[in-house]
Amino acid sequence: MIHISEAEIREHVPFTAVIEAVAGSFATLDAGGSDVFETVRARGAQPDHFFAIKSARDGSSGLLGLKAGSYCPARRNAGKDPHTSTTLLLDAHSGDPLALVEANHLNGMRTAAADALAVRHLARPDADTLAVIGCGAQALYEIEAISLVHPLRRVLAAGRSQERTLGFAETLRARLDLEVECSDAEEAVRAAGIVVTATPATRPVLRAGWVRPGTHVSAMGADDAGKQELEVELLAAADLYVDWPAQAVIIGESQHAFRQGLIRLEDLECRTLGSLVRGGAPGRRDAQAITIFDSSGLATQDIAAAWCALRCVAERTGRFDIPLRETVL
């Protein structure tokens with residue numbers, strides 16, 4: 001079985017390649033060529049150690065796979081990131097294991113890739129100011145991914161800690177050629193044409209009244225029951241798109257508006273990211289519409305991103321041959 005390390009992914013896997021691989025996974029899912037299985041959620045040895053397994057059959061790669069994700073705060077004591085992600089790829093015909101992929105960096109890219117696709121299809125072409133609420137590691141991935149598909153001039157960063165926000169802005173300036181300013185959340189949102197929320201919040205960090213007509217919002221933080229970044233009134237009033245309706249109304253940003261009867265599952269069936277990528281969904285209807293993308297994260301993204309990483313590392317290092325497999329559509 002092939003092992004792909006974190007270092008190899010950072011060195012050999014372009015962000016643009018992951019974005020296009022994730023686009024293929026969403027298109028294939030929308031076409032009925034993939035299956036998303038139920039997420040397993042549990043705890044580790046400590047009460048605050050959360051563990052989850054997302055699995056799927058991804059028709060775009062022809063592979064079965066699973067991602068084991070963990071959040072263990074105790075890792076900080078050793079100077080490590082509390083989040084870990086590991087993806088296992090299996091042949092969809094035989095079940096034979098093909099590769100074990102260290103996926104911390106890849107997970108950040110695969111999540112942000114979905115955001116980039118949503119911005120590509122839903123943001124106004126002239127929206128050149130991005131507001132980001134949440135200044136953690138994932139927010140850096142989100143901004144970089146968006147900058148690869150949409151021209152940005154300025155980023156307004158809003159975080160809970162002024163010190164952390166300043167450090168985030170410095171890191172972002174060093175990584176990307178963008179004007180970056182620190183701001184409070186309301187001021188940033190009112191000035192932006194694109195808004196990204198990337199927080200672990202369980203109460204709204206974005207108020208409906210802050211959002212101007214014509215704004216696109218990507219809600220990236222909600223991936224579990226109880227999480228919430230946006231006021232439900234905003235979801236009810238906007239053109240809402242999701243990654244996978246059945247999952248979005250359980251663990252995504254949509255869960256709260258759905259439980260209150262403000263949105264219906266059947267209305268989301270034709271408003272998926274896959275349908276946008278394939279051209280079946282209407283997309284932005286006019287310059288004044290507020291659009292929202294609710295990302296809860298799918299295993300098909302993980303499998304497609306890991307298969308992309310496998311190919312890139314094979315092609316650039318030559319240390320193994322790309323495994324043969326039949327695409328399952």
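I looked up strands E11 (residues 194–197) and E12 (residues 216–219), which pair in the parallel sense over four bridges. Two strands count as paired if DSSP finds at least two bridges between them. Helices (H or I, at least four residues) and strands (E, at least two) are DSSP runs numbered from the N terminus. I found Ala219 in E12 as the bridge partner of Thr197.

The model is predicted, so I note that local features need pLDDT of at least 70 and side-chain atom pairs pLDDT 80 or more, while totals for chains, interfaces and linings use all residues. Residues are numbered from 1 along each chain as its sequence is written, and side-chain values use heavy atoms, without hydrogens and water.

Next I looked at the whole sheet. Seven strands form an open sheet with parallel pairing, in the order E10-E9-E8-E11-E12-E14-E13. Strands E10 (179–182) and E13 (239–242) are the edges, each pairing on one side only.

Then I turned to helix H2 (residues 15–30). At 1.5 Å a residue, its 16 residues should span 22 Å, and its end C-alpha atoms are 23 Å apart, which agrees. The expected span is 1.5 Å times one less than the number of residues.

I checked burial in H2 and found, among others, Phe15, Val18, Ile19 and Phe26 buried (under 20% relative accessible area, 1.4 Å probe, protein chains only). What covers the buried residues of H2 includes strand E4 (50–58), helix H3 (104–122) and helix H12 (299–317). After H2 comes Gly32, with a positive phi near 90 degrees.

Notes
Buried means under 20% relative accessible area, exposed over 50%, partly exposed in between (1.4 Å probe, protein chains only). Contact means heavy atoms within 4.5 Å.
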